[in-house]
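Here is a walk through a protein and the two molecules it holds. Keep the 3D view open while you read, and look up each residue as it comes along.

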Amino acid sequence: MACTKKVILLTGGTGLVGQGIKSAAEQNPQPNEEFIFLSSKDADLTSREATKSIFEKHRPTHVIHLAAKVGGLYGNMRANLQFFRINMSINDNVLSVSQEYGVKKVVSCLSTCIFPDKTSYPIDETMIHNGAPHTSNYGYSYAKRMIDVLNKGYNQQHGTNYTAVVPTNVFGPHDNFNLEEGHVMPGLIHKVYKCKENNTPLTVWGTGSARRQFIYSLDLGRLFLWVLREYQETEPIILSVGEEDEISIKTAAELVAKGFDYEGEFVYDTTRSDGQYKKTASNSKLRKYLPEFKFTPIDEAIRATCQWFSEHYKKARI
Ligand code: NAP
Ligand code: GFB
């Protein structure tokens, strides 16, 4: 029996995570799936009218909702208000218009930084609303938590099938390598690339002792497709490597140096904040579903991203 055609609209499809899903879909295509990868140039989703017209144009049956104002620790600390307001309007427009256009399934993207800062570890999916997030990114975090609230409301009152995934820190090709706005992994990759070129020491911001779990965008892309195709729950699911794979920022910097065969000196700028010390997340719910899923070894994934950055330096977001 022929499978019904799926028209899958990816908001924020041109970014790091969107392009990770694109690679995964190209590696494992399904004949009944058509993907549309949107950028903000196709439609500014803070505008309800623009959101409606892009849905009118593509008439999606499924939505992967990634579009957001996204940034690293220092970008968030400078603009919590904008992170809250812009993401609140994007999320409300996309979910309400999805309901209006009868979209069968929406998979939205949260982040492990939204969990309470003062918590027991490891963090799991039941803890999303158990207390205030870290002060460095409360704007982004509360706006993301409201996606979970919106999902519950639409599912209860309109019988929709809206769910969400919760990745840890993501890295890979097509990331934002801007030093002030971007995340730590692309920041370190951009810095080491320049330090190697200029034969200068690497400055790591903060003490280097903070700890993070990092997921490669291509692995996250494969997991997103599994959620779209197989995951039937409306409750969120954490998409992450295991707790045992959590590393310090110092180790992340050492792995990036190895990725570029850089042997220069490391300097720690402790005038810069460490942000949240850790946000150790459990992936046991994911492992119940996918016990055999293989994550790309982090040194391999970092070396591949260093190579991508070297090859795309001129066109990359820096
Ligand atoms: P990204 O690389 O910065 O991409 C953001 C995407 O959103 C781009 O396609 C951008 O379009 C689009 N966008 C931004 N503002 C928009 C607007 N007003 N209207 C329409 N589209 C807009 O971000 P990312 O890292 O891939 O993040 C994707 C999702 O993953 C986000 O929801 C983020 O919260 C989540 N996430 C990311 C991480 C991480 O470590 N990066 C971790 C956990 C969760 P343009 O290309 O036109 O700018
Ligand atoms: O990825 P990142 O910017 O954000 O990581 P968070 C910040 C950690 O890396 C801090 C250290 O401990 C910094 O001191 N660090 C060292 C650096 N060198 C650098 C560098 O060159 N650039 C950056 N950016 N950091 C974000 C949230 O938190 O996590 C976002 O603010 C989002 O909202 C994201 O959720 C996934 O991991 O601290």
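## Ground rules

Let's call a residue near a molecule or strand if one of its heavy atoms lies within 4 Å of it. You're looking at a predicted model, where local features need pLDDT of at least 70 and side-chain atom pairs count only at pLDDT 80 or more, while totals for chains, interfaces and linings use all residues; side-chain values use heavy atoms, with hydrogens and water left out. Residues are numbered from 1 along each chain as its sequence is written, and chains are lettered from A and ligands numbered from 1 in the order in which they are written.

## Around ligand 2

Ligand 2 is surrounded by 23 residues, and the closest are L73, C113, K191, R212 and D274. By type, the shell has nine nonpolar, ten polar and four charged residues. Here Ala, Val, Leu, Ile, Met, Phe, Trp, Tyr, Cys and Pro count as nonpolar, Asp, Glu, Lys and Arg as charged, and the others, Gly among them, as polar. At least two shell residues come from each of helix 3 (73–78), helix 6 (184–198) and strand 7 (202–205). Helix 3 gives the most, with three residues. Helices (H or I, at least four residues) and strands (E, at least two) are DSSP runs, numbered from the N terminus.

Now for some atom pairs. A polar side-chain atom of Y74 sits 3.1 Å from an oxygen atom of ligand 2, and a polar side-chain atom of K279 lies 2.9 Å from an oxygen atom of the ligand. With V184, a polar backbone atom is 2.9 Å from a ligand oxygen atom. How much of ligand 2 does the protein bury? Taken alone, ligand 2 exposes 710 Å², and the protein buries 98% of that. (Accessible areas come from the Shrake-Rupley method with a 1.4 Å probe.)

## Around ligand 1

Ligand 1 has 29 residues around it, and T14, S40, L66, Y140 and R317 come nearest. The shell divides into 14 nonpolar, eleven polar and four charged residues. Helix 1 (16–27), helix 5 and strand 6 (169–171) each bring at least two residues to it.

Zoom in on S40: an N or O atom in its side chain is 2.6 Å from an oxygen atom of ligand 1. For L66, a backbone N or O atom lies 2.7 Å from a ligand oxygen atom, and for V17 the backbone distance to a ligand oxygen is 2.9 Å. On its own, ligand 1 has 910 Å² of accessible area, and the protein covers 88% of it.

Six strands make an open sheet in the order 2-1-3-4-5-10, with parallel pairing. Two strands pair if DSSP finds at least two bridges between them. Strand 2 (33–37) and strand 10 (237–239) are the edges, each pairing on one side only.

Look at strand 4 (residues 105–109) and strand 5 (residues 161–167): they run parallel and are joined by five bridges. C109, for instance, has V165 in strand 5 as its bridge partner.

Most residues other than glycine have a negative phi, and most peptide bonds are trans. Which peptide bond is cis, with omega near -5°? That's the bond from Y121 to P122, and P122 has its place in the loop between strand 4 and helix 5 (138–158). N199 isn't glycine, yet its phi is positive, near 55°. You'll find N199 in the loop between helix 6 and strand 7.

Technical notes:
A polar contact is a pair of N or O atoms within 3.5 Å; within protein, one must be able to donate a hydrogen and the other to accept it, and residues adjacent in sequence count only if both atoms are side-chain atoms.
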